[in-house]
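Here are my notes on helix packing and the ligand site. Please read them with the model open.

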Amino acid sequence: MTQNELKELVGKAAVDFIEDEMIVGLGTGSTVKYMVDFLGKRVQSENLNIIGVPTSDRTAKQARDLGITVKNVDEVDHIDLTIDGADQIDKNFQGIKGGGAAHLWEKIVAINSTKNMWIVDESKMADKLGSFPLPLEVIPYGSTQLFKRLEQKGYQPKFRKDANDEFILTDSKNYVIDLHMGEIKDPFALAKDLDSMTGIVEHGLFLDMVNTVIVGREDGPEILNAR
Ligand code: 5RP
């Protein structure tokens, strides 16, 4: 199976966890895109009363176009389940997210959710985090100075830019800096350090956050319960 077929497989498996009347956090990325497509089909065919809380403008548009009712995270009093992708997951179910520059909104929706599920193809599973660069969402003002501080710490930062060498902007109009630091020995210590740095709005370490992971494997979706 191709990587996209594995993404589609887990997208389909994930919607089985959605029940009528649920308020569902909708993640961002190519894997979630499949999931939202399948959810749209279920909403139409089963006439489900689902509210989707999207984690990006992209996902909001897709959900609306499919007839899914969409509400902002501040318009709901709870979120039953959030289904999102991930860039890397280690054997302790800690994750890196933000490859799609959406990790700030994704983390806000995740921490306001009763349950969190990640859906990934098997290439995302790793022993240790870090071979995937760690995204930071940063305030543009002062970001060159912040970049220097990250360099001094040996975090090997790189501004994320598009093909025209323009800064990528998040939905909150911030920049993204990716840390190419290789294996992360202690994700909790790194998260604490990044949390303390002025100018970083949010980093892409999602620690102790996920309850269930669905991994797309050749022989079918594998469901792992994290906590
Ligand atoms: C976006 C994310 C995505 O969930 C992550 O990048 C995975 O994306 P994909 O499903 O396209 O591989 O964190 O910020």
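1. Lys33, Val36 and Asp37 of α2 touch Thr59, Gln62 and Ala63 of α3 (contact means heavy atoms within 4.5 Å). By class, this contact of α2 with α3 has two nonpolar, two polar and two charged residues. This is a predicted model: local features need pLDDT of at least 70, side-chain atom pairs count only at pLDDT 80 or more, and totals for chains, interfaces and linings use all residues. Residues are numbered from 1 along each chain as its sequence is written, and side-chain values use heavy atoms, with hydrogens and water left out.

2. α2 packs against helix α3 (residues 57–65) at about 20°, with axes 9 Å apart. The two are therefore roughly parallel (angles under 35 degrees count as such). Their crossing is right-handed.

3. Helix α1 (residues 3–15) meets helix α2 (residues 30–46) at an angle of about 45°, and their axes are 8 Å apart. α1 and α2 are therefore oblique to each other. Here too the crossing is right-handed. Residues in this contact include Val10, Ala14 and Val15 of α1 and Tyr34, Met35 and Phe38 of α2. The contact of α1 with α2 has seven nonpolar, four polar and four charged residues.

4. A side-chain N or O atom of Thr31 is 2.5 Å from a ligand oxygen atom. For Gly98, a backbone N or O atom lies 2.8 Å from a ligand oxygen atom. In Glu106, a side-chain N or O atom is 3.0 Å from an oxygen atom of the ligand.

Technical notes:
Axes fitted to C-alpha atoms, helices over the stretch in contact; angles between N-to-C directions. Helix = DSSP H or I, 4+ residues; strand = E, 2+ residues; numbered from the N terminus. Parallel < 35°, antiparallel > 145°, perpendicular 65-115°, else oblique. Left-handed = near helix turned anticlockwise from the far one by under 90°. Nonpolar A, V, L, I, M, F, W, Y, C, P; charged D, E, K, R; others polar. Polar contact = N/O pair within 3.5 Å; in protein donor to acceptor, adjacent residues only side chain to side chain.
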